[in-house]
Amino acid sequence: MTISDARPVLHPVRECDAGAFFRFFTLCHATGAPNILITLSAKIACPLSPLFCILLSTGRPCGAPLFPPPTTNGIAVQKESDLRVELIDICRKLAAKGLIAATDGNVSCRVGEDRLLITPSGTAKGDLRAVDLLLADLDGQVVAGATRPSSEIRMHLLAYRMRPDVRAVVHAHPPMLTAFTLAGVPFTAEALPEVWLTIGRTPTAPYATPSTDEVPDSIAGLVQDHQAILLERHGSLTFGNNLREAYLRLEKLEHAAHTLFFARLLAGRPASPLPGPALEKLARAFGRKN
Ligand SMILES: [Zn+2]
């Protein structure tokens, strides 16, 4: 199909600022929306250059942009589209693996240094689309999106404010890990060398009333030094340098919780942690701080 065969539809670009324009542009790529043709035919004023945006209902895959996207603090705005797709993939995994149910849980990631993408409140995460995600600032104010984020955004914001290295946060309700907190059984990461090496000690934060400031208060003293925190009677919180890492930490923890549970059934007692010298040897072998 040639361009002349297609039926162009002019997309109304209401906000003629570069950020809004490129968010729209990258979102079309992320969601597989109809092709975008950008020409230098001046029909819509844009601060970058006179750009004319036409949606072509061809069904062809989107081509590469005809010009490089702008950057924010050196991070390409284009990246937001990839993050939207990846975040949706994580949401689907959470639902498929039973780590959340119904409208449970929330997932977020940094976009640049002062923005984050986050799942909307009260939605089944497995059904979300990339376009449903909200763009918020680090005060939790939505800057792009039609709905509101979960009140549990407070936990996410606390982690991003305290830890520049945290670029993604996953909050879930994993059944076995949550059962550990209900039973008052500590999660013994030190019993499993790979869990201890890759995630480290995983404390349980005391019970806090959901959707209140009690929740961030309950984890405030634990965020700095841990990659994962269990929330008593509630669920889990895992951090990562990226979405995949935050998700995989959760998956690994829940799997380990099953292992610890079976060990307890078999032995009739909790699994014992590796002794101090064994942990020190592991730390030395893998260059990890104890
Ligand atoms: Zn929750």
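Figure 1. Arg233 is partly exposed, with 13 other C-beta atoms within 10 Å. A residue is termed buried if 20 or more other C-beta atoms lie within 10 Å of its own, exposed if 12 or fewer do, and partly exposed in between, with C-beta atoms placed from the backbone. The structure is a predicted model, in which local features need pLDDT of at least 70, side-chain atom pairs count only at pLDDT 80 or more, and totals for chains, interfaces and linings use all residues. Residue numbers run from 1 along each chain as its sequence is written. The phi of Arg233 is positive, near 60°, in a residue other than glycine.

Figure 2. Ala102 lies in the loop between helix H2 (79-96) and E6. Its phi is near 50°, again a positive value in a residue other than glycine. Ala102 has 12 other C-beta atoms within 10 Å and is therefore exposed.

Figure 3. Cys91 belongs to helix H2. It counts as buried because 27 C-beta neighbours lie inside 10 Å. Apart from neighbours within four places in sequence, Cys91 is in contact with Val107, Thr119, Lys125, Gly126 and Leu128; contact requires C-beta atoms, placed from the backbone, to lie within 7 Å. Thr119, one of these partners, is 28 residues from Cys91 in sequence, with a C-alpha to C-alpha distance of 8.8 Å. Over the whole protein, 63% of the contacts with a separation of 6 or more involve residues 24 or more positions apart.

**Figure 4. Strand E6 and its two partners.** Of the 6 residues of E6, 6 are buried, and the strand is mostly covered. Asn106, Ser108 and Arg110 point to one side of E6, whereas Val107, Cys109 and Val111 point the other way, and all are buried. E6 runs antiparallel to E10, to which 4 bridges join it; Val107 has Val170 as its bridge partner in E10. E6 and E7 make a hairpin with 3 residues between them, and Gly112 in the turn has a positive phi of about 70°.

**Figure 5. The open sheet and its E11 edge.** The open sheet contains 8 strands in the order E9-E8-E7-E6-E10-E13-E12-E11, with mixed pairing. Strand E9 (142-144) and strand E11 (204-205) are the edge strands, each pairing on one side only. Two strands are said to pair if DSSP finds at least two bridges between them. E11 runs parallel to strand E12 (residues 228-231), and 2 bridges join them. Ala205 has Leu231 as its bridge partner in E12. Helix H4 packs on the sheet, where it touches E11, E12 and strand E13 (235-240), and its direction makes about 60° with that of E12.

**Figure 6. The packing of H4 on H7.** Helix H4 (residues 175-183) packs against helix H7 (residues 243-267) at an angle of about 60°, with the axes 7 Å apart. Axes are lines fitted to C-alpha atoms, for helices over the stretch in contact, and angles between N-to-C directions run from 0 to 180 degrees. H4 and H7 are therefore oblique to each other, given that angles under 35 degrees count as roughly parallel, over 145 as roughly antiparallel, 65 to 115 as roughly perpendicular and the rest as oblique. The crossing of H4 and H7 is left-handed, that is, the near helix is turned anticlockwise from the far one by less than a right angle. H4 contributes Met176, Leu177 and Phe180 to the contact, and H7 contributes Leu253, Glu254, Ala257, His258 and Phe261. By class, the contact of H4 with H7 has 6 nonpolar, 1 polar and 1 charged residues; Ala, Val, Leu, Ile, Met, Phe, Trp, Tyr, Cys and Pro count as nonpolar, Asp, Glu, Lys and Arg as charged, and the others, Gly among them, as polar.

**Figure 7. Helices H7 and H3 against the strands.** H7 lies across strand E6 (106-111), strand E10 (168-172), E12 and E13, and runs at about 140° to E13. In helix H3 (residues 153-162), the buried residues are Ile153, Met155, His156, Leu157, Ala159 and Tyr160. These buried residues of H3 pack against E6, strand E7 (115-118), E10, helix H6 (214-219) and E13.

Methods
Contact = placed C-beta atoms within 7 Å.
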